Amino acid sequence: LTRLRQICCDPSTFIENYNGGSGKMDALDEIFENSLEQGHRILIFSQFTRILKNISVRLENKVIKYMYLDGSTKAEKRVEMVKTFNAGDSQVFLISLKAGGTGINLTGADMVIHFDPWWNPAVEDQATDRAHRIGQKKTVEVIKLIARGTIEEKIFKLQEKKKQISKSVINNKTGAELLLSQMKIGRASCRE
């Protein structure tokens, strides 16, 4: 499954001497061209650090200033990078999905791009929330790049199903009443 997901993003991540293109990388180039001209500042999330590194090469070739954060970035360095980005230093921030899921506030960005979908929609939502924080003064646009007719489309449909199930449980009065009654029983047994 991982290989199927990687081939949707950029086949060069695992095919040695790959000379072909990548539709997603081409789409990303187009987004850069249009969005950066308009002054947008972009967060790009991917679960694959190799893909983020390939994106960084494209940014360097286009002389676009960027920052890069993954799980190997030390905590002190993360804090400094966040401050620097929010102060307006770079146009693009590349972030591994797991490293950027919690603990950082990037209100300097007004565009979030999910380069590849993650199985759990809550993980993507947490990453998106890095830009949706107190102090955000702009509208934040969120873009998900999904290769049509691939496993990514199936992941997206699975995410939508999970969201619907979650909403139906929360909105279902009977389910909420049952949850509350179980909480009351739990508190009563704790007192005994």
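This is a predicted model: local features need pLDDT of at least 70, side-chain atom pairs count only at pLDDT 80 or more; totals for chains, interfaces and linings use all residues.
Let me begin with a term: a residue is called buried here when its relative accessible area is under 20%, exposed when that value is over 50%, and partly exposed in between.

I will start with the overall layout. The protein chain holds 7 helices and 5 strands, and, read from the N terminus on, its elements follow the order α-α-β-α-β-α-β-β-α-β-α-α. Of its 192 residues, 41% count as buried.

Now to the largest pocket, whose volume comes to about 150 Å³. Its lining is made up of Asp 10, Ser 12, Tyr 18, Gly 20, Gly 21, Ser 22, Met 25, Asp 26, Asn 54, Val 57 and Arg 58. The elements that contribute two or more residues to this lining are helix H2, residues 23-37, and helix H3, residues 49-61. Of the elements, H3 gives the most, with 3 residues. Sorted by class, the lining of the pocket has 3 nonpolar, 5 polar and 3 charged residues.

Two of the lining residues, Asp 26 and Arg 58, lead directly to the next topic, the charged pairs. As a general point, side chains of opposite charge can pair when their charged atoms come close. The count for this model comes to 5 salt bridges, and I will go through three of them.

In one of them, the side chains of Arg 58 and Asp 26 meet at 3.6 Å, N to O. Since Arg 58 belongs to helix H3 and Asp 26 to helix H2, this pair ties together parts that are 32 residues apart in sequence. Both partners are partly exposed, Arg 58 with a relative accessible area of 26% and Asp 26 with a relative accessibility of 45%.

Arg 58 also forms a salt bridge with Asp 29, at 2.7 Å, N to O. This pair, too, links distant parts of the chain, with Arg 58 in helix H3 and Asp 29 in helix H2, 29 residues apart. Taken together, Asp 26, Asp 29 and Arg 58 are linked in a network of salt bridges.

Another salt bridge joins the side chains of Lys 144 and Glu 124, at 2.8 Å, N to O. Lys 144 sits in strand E5, residues 141-144, and Glu 124 in helix H5, residues 121-128, so that the pair ties together parts 20 residues apart in sequence. Lys 144 is partly exposed, with a relative accessible area of 30%, whereas Glu 124, at 1% relative accessibility, counts as buried.

Let me turn to helix H4, residues 75-86. At 1.5 Å a residue, the 12 residues of this helix should span 16 Å, and its end C-alpha atoms are 17 Å apart, which agrees. Which residues of H4 are buried? They are Arg 78, Met 81, Val 82 and Phe 85. Seen down the axis of H4, these buried residues fall within an arc of 100°, so they line one face of the helix.

Finally, a few positions in loops. Gly 39 is placed in the loop between H2 and strand E1, residues 42-46, and is partly exposed, with a relative accessible area of 42%. Although Gly 39 and Gln 91 are 52 residues apart in sequence, their C-alpha atoms are 8.3 Å apart in space.

Asn 17 has a positive phi of about 60° although it is not a glycine. Asn 17 is found in the loop between helix H1, residues 2-9, and H2, and at 66% relative accessibility this residue counts as exposed. Val 63, likewise a residue other than glycine, has a positive phi near 55°. Its place is in the loop between H3 and strand E2, residues 66-69, and Val 63 is exposed, with a relative accessible area of 72%.

Note on methods
Residues are numbered from 1 along each chain as its sequence is written. Side-chain values use heavy atoms; hydrogens and water are left out. On a 1 Å grid over the protein atoms alone, a cavity is a set of points where a 1.4 Å probe fits but cannot get out, and a pocket is an open set with protein on both sides within 12 Å along at least five of seven lines; lining residues have an atom within 4 Å of a point. Grid points are joined across faces, edges and corners, and a volume is the space filled by probe spheres set on the points. Helices (H or I, at least four residues) and strands (E, at least two) are DSSP runs, numbered from the N terminus. Ala, Val, Leu, Ile, Met, Phe, Trp, Tyr, Cys and Pro count as nonpolar, Asp, Glu, Lys and Arg as charged, and the others, Gly among them, as polar. A salt bridge is a side-chain nitrogen of Lys or Arg within 4 Å of a carboxyl oxygen of Asp or Glu. Buried means under 20% relative accessible area, exposed over 50%, partly exposed in between (1.4 Å probe, protein chains only). The expected span of a helix is 1.5 Å times one less than its number of residues. The arc is that of the directions from the helix axis to the C-beta atoms.
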